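Hi,

Here is the structure I said I would pass on. Have a look at it, and then read my notes below.

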Amino acid sequence: MPTRSLGAALAAALFLFALPLHAQSWTSQRPDGHAPIGVMGDHTHGAGEVMFSYRYMFMPMEGSLLGTDEIADADVISPTGSNFLVTPTEMPMQMHMLGAMFAPANDLTLMLMVPLVFSEMDHVTRMGGTFQTESGGLGDVKLSALYTLARPGRSRIHANLGVSFPTGSIDEQDVNPMSMGNEVRLPYPMQIGSGTFDVMPGVTYLGQADAFSWGSQVSAKVRLGENSNDYRFGNVYGGTAWGAYKINDLVSASVRAEAMTWGDVDGADPAYAMAVANRVVPTVFSDLRGGTRLDAGLGVNFFVPSGSLHNLRVGAEVMLPVFQDLDGPQLEVDSMIEVGLQYSFGLFGDGHSH
């Protein structure tokens, strides 16, 4: 083929290939235009768009692990076992998360998350007694910026950078059978906040086809300094990936996997010194808080594409641990259930995600 003809053919092919890429750009205006509801900071907005959200998360924990092995409650409190006087048996945790997002420009979205956290912990003693402690209130408020790095074809890449503020209490107290009717400091997992400023960097990738979408996110939570009780929680590192199928313009279904690892507590709360010396309960030991977990689950998103409720979204997701390795004895997670509502509207500009 003559060079001129070959060049013309290549130019025509490139032109035809580019047409669908331009006509079918990435869009949020579909049910899978947002990630599964359990993923935070997954999407950005167009200039002038505002989104308010509410999420409810329920995470029950029951039974203990020592590494990857289950350990019976009786073995945790046995003098010939782990030799503690008390062990937690279960801990249902609930969180209500209020959120707001606003995009002052197409490339920048700001996100505010305000959590309310409520926990209960059931215990059994070596003498066979049982008791429960409770905590609840405002958790650590988080403010993040999401900045678009690239928009290659039908995909998006944005950076996440957030700060967690120490608004949650680290002085939660309750009565236990050994406190003589007095309230005492609850152990690490029953505290509502971290007590430190935490930096939360990450990167998110989104891809889309006509009936499918996919994405991934890597993130971290890095603790800065010690809190007022002389410790800091371990850093958290994680990654998640998902795929979704757009069933129709209203509904999509998703599958997701998530891996995370977190460190032990650095330092120690002096309020636990006597309980540690007498091996009262594993939850006050700073070196029994770290671990690694791999979760997998299913989700569904509902989207209202038009009408008076245009841009209203409802999401639900169930995640189950498929692997846990805990510095224990430590309570293991049984499942995570999350449901949420999201509603967006434009203040100025076109009000659509870009």
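In which loop is the place of D230? D230 sits in the loop between β11 and β12 (231–232). Before going on, the ground rules: this is a predicted model, with local features needing pLDDT of at least 70 and side-chain atom pairs counting only at pLDDT 80 or more, while totals for chains, interfaces and linings use all residues. Residues are numbered from 1 along each chain as its sequence is written, and side-chain values use heavy atoms, with hydrogens and water left out. Helices (H or I, at least four residues) and strands (E, at least two) are DSSP runs, numbered from the N terminus.

D230 counts as partly exposed, because its relative accessibility is 40%. (Buried is under 20% relative accessible area, exposed is over 50%, and partly exposed is in between, with a 1.4 Å probe and protein chains only.)

N311 is another residue other than glycine with a positive phi, near 80 degrees. N311 lies in the loop between β16 (291–303) and β17, and at 5% relative accessibility N311 counts as buried. Strand β17 (residues 312–333) holds P329, and the peptide bond joining G328 and P329 is cis, with omega about 15 degrees.

**Salt bridges**

How many salt bridges does the structure hold? There are 12 salt bridges, each defined as a side-chain nitrogen of Lys or Arg within 4 Å of a carboxyl oxygen of Asp or Glu. One of them joins the side chains of D198 and R223, at 2.8 Å from N to O. D198 is in strand β10 (residues 197–208) and R223 in strand β11 (residues 212–224), so this pair ties together parts that are 25 residues apart in sequence.

Finally, a network of salt bridges links D171, R185 and D269.

**A polar contact**

S78 is in the loop between α2 (73–76) and β3 (86–105). Its side chain makes a polar contact of 2.9 Å with the side chain of T80. (A polar contact is a pair of N or O atoms within 3.5 Å; within protein, one must be able to donate a hydrogen and the other to accept it, and residues adjacent in sequence count only if both atoms are side-chain atoms.) S78 counts as buried because its relative accessibility is 17%.

**Rings**

The structure holds nine aromatic pairs. In one of them, the rings of F165 and F197 have their centres 5.8 Å apart and their planes at 80 degrees, so the pair is edge-to-face. That pair links distant parts of the chain, 32 residues apart: F165 is in the loop between β7 (155–164) and β8 (173–175), and F197 is in strand β10. F165 is partly exposed at 31% relative accessible area, and F197 is partly exposed at 43%. The rings of Y343 and F345 have centres 6.1 Å apart and planes at 35 degrees, so this pair is tilted. For the cut-offs, rings of Phe, Tyr and Trp (its six-membered ring) pair if their centres lie within 6.5 Å; planes under 30 degrees apart count as stacked, over 60 as edge-to-face and the rest as tilted.

Y188, Y231, F233 and Y272 form one aromatic cluster. R279 lies over the face of F84, at 4.2 Å from the ring centre; the test is NZ of Lys or CZ of Arg within 6 Å of the ring centre and within 35 degrees of the ring normal.

**The largest pocket**

The largest pocket has about 440 Å³ of space. Its lining counts 21 residues, and N176, V184, R185, A275 and V280 lie nearest its centre. β5 (130–138), β9 (183–185) and α3 (273–277) each supply at least two residues of that lining. On a 1 Å grid over the protein atoms alone, a pocket is an open set of points where a 1.4 Å probe fits, with protein on both sides within 12 Å along at least five of seven lines; lining residues have an atom within 4 Å of a point. Grid points are joined across faces, edges and corners, and the volume is the space filled by probe spheres set on the points.

Cheers
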